[in-house]
Amino acid sequence: MLNYEEELKKFEPCLDVDEVEEAVYSRDLTDVFDLIREMEKNQRLSRYDEDDE
């Protein structure tokens with residue numbers, strides 16, 4: 001059987017929403033849009049190099 005008093009003593013709350021948000025936004029994460037933009041840029045540069053030949 002569970003001893004709720006003992007379980008409550010062991011309880012550690014998770015990060016508050018504000019703390020999680022701050023942790024996520026403080027990192028510079030690459031998202032899918034950034035990847036697509038980089039691929040398009042590389043594709044344009046590749047075409048430009050091919051035109052010079």
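Reader: Which residues form a nonpolar patch on the surface?
Author: V20, V24, Y25 and L29 form that patch, with about 410 Å² of accessible area together. Patches are made of residues with over 30% relative accessible area and no salt bridge; nonpolar side chains (Val, Leu, Ile, Met, Phe, Trp, Tyr) are joined within 5 Å, and like charges within 9 Å. The areas come from the Shrake-Rupley method with a 1.4 Å probe, and for residues only the protein chains shown count as cover.

Reader: Before we go on, what kind of model is this?
Author: This is a predicted model, where local features need pLDDT of at least 70 and side-chain atom pairs count only at pLDDT 80 or more, while totals for chains, interfaces and linings use all residues. Residues are numbered from 1 along each chain as its sequence is written, and side-chain values use heavy atoms, with hydrogens and water left out.

Reader: Thanks! Where is L29 found?
Author: L29 sits in the loop between α2 (17-25) and α3. Helices are DSSP runs (H or I, at least four residues), numbered from the N terminus.

Reader: And is L29 buried or exposed?
Author: L29 is exposed, at 52% relative accessible area. The cut-offs are under 20% for buried and over 50% for exposed, with partly exposed in between (1.4 Å probe, protein chains only).

Reader: Switching to charges: how many salt bridges does the structure hold?
Author: There are 3 salt bridges. The term means a side-chain nitrogen of Lys or Arg within 4 Å of a carboxyl oxygen of Asp or Glu.

Reader: Nice. Which residue does K10 form a salt bridge with?
Author: With E7, the closest N and O atoms being 3.4 Å apart. Both lie in helix α1, 3 residues apart, about one turn of the helix. K10 is exposed at 56%, and E7 is partly exposed at 37%.

Reader: What about E6 and K9?
Author: Their side chains meet in a salt bridge too, at 3.5 Å, N to O. E6 and K9 are 3 residues apart in helix α1 (residues 4-10), so about one helical turn separates them. E6 is partly exposed, with 39% relative accessible area, whereas K9 is exposed at 62%.

Reader: Which helix holds R37 and D34?
Author: That's helix α3 (residues 32-52), where R37 and D34 are 3 residues apart, about one helical turn. Their side chains meet in a salt bridge at 3.2 Å, N to O. R37 is partly exposed at 45%, and D34 is partly exposed at 31%.

Key
Helix = DSSP H or I, 4+ residues; strand = E, 2+ residues; numbered from the N terminus.
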